[in-house]
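Biologist: I am new to reading models. Please take me through one, feature by feature.

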Amino acid sequence: MACKRCIEKGKPENYGSDPECAFESERFDKDNWNCATLNELREDIEILNEKQPYPYYGAVSILYSNDNTLCTLPLEEGFLIIGWYKQRGKVDNLFIINGDESPLIPDLKTTELVIERLESRV
Ligand SMILES: [Zn+2]
């Protein structure tokens, strides 16, 4: 089932096709397009990046290369890594690294928690 933000938003009039939620199977799926949860996460990251100049403990760090964007967001434990190509609505990478643990593919609940904490700062 799609995330609640995708369900609430539905298909915006200016979209040529239906959004593809990244959390249909609970954990992030790279086969996505304009998932409303990930769009909100990206918007929050970009707002925070503009408001809080680097270096700043807890600040997001965004790198750009050949239309690819890679963002590192410090969490209370570890880092969220998110990557996308241009602004076409697809998120290619989403994972959490924490110490020497293997990278974790976040589920919807974890991603929503990150958004909640981000929005308390934007
Ligand atoms: Zn979604």
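Biologist: Which residues does cysteine 35 touch, not counting residues up to four places away in sequence?

Modeller: First, the ground rules. This is a predicted model, where local features need pLDDT of at least 70, side-chain atom pairs count only at pLDDT 80 or more, and totals for chains, interfaces and linings use all residues. Residues are numbered from 1 along each chain as its sequence is written. Two residues are in contact if their C-beta atoms, placed from the backbone, lie within 7 Å. By that test, cysteine 35 touches Cys3, Cys6, Pro19, Glu20, Cys21, Ala22 and Phe23.

Biologist: Which residues touch the most other members of the largest nonpolar core?

Modeller: In soluble globular proteins, nonpolar side chains tend to be buried together. A nonpolar core is a set of buried Ala, Val, Leu, Ile, Met, Phe, Trp, Tyr and Cys residues joined through C-beta atoms within 7 Å. Buried means 20 or more other C-beta atoms within 10 Å of a residue's own; exposed means 12 or fewer; partly exposed is in between. Here the largest core has 23 residues, and Cys3, Cys21, Ala22, Phe23 and Cys35 touch the most other members.

Biologist: Which elements give two or more residues to this core?

Modeller: Helices (H or I, at least four residues) and strands (E, at least two) are DSSP runs, numbered from the N terminus. The contributors are α2 (36-51), β2 (68-74), β3 (79-85), β4 (91-97) and α3 (108-119). Helix α2 gives the most, with five residues.

Biologist: Where does aspartate 67 lie, and is it buried or exposed?

Modeller: Aspartate 67 lies in the loop between β1 (61-65) and β2. It has a positive phi of about 70 degrees, although it is not a glycine. Aspartate 67 counts as exposed because 10 other C-beta atoms lie within 10 Å.
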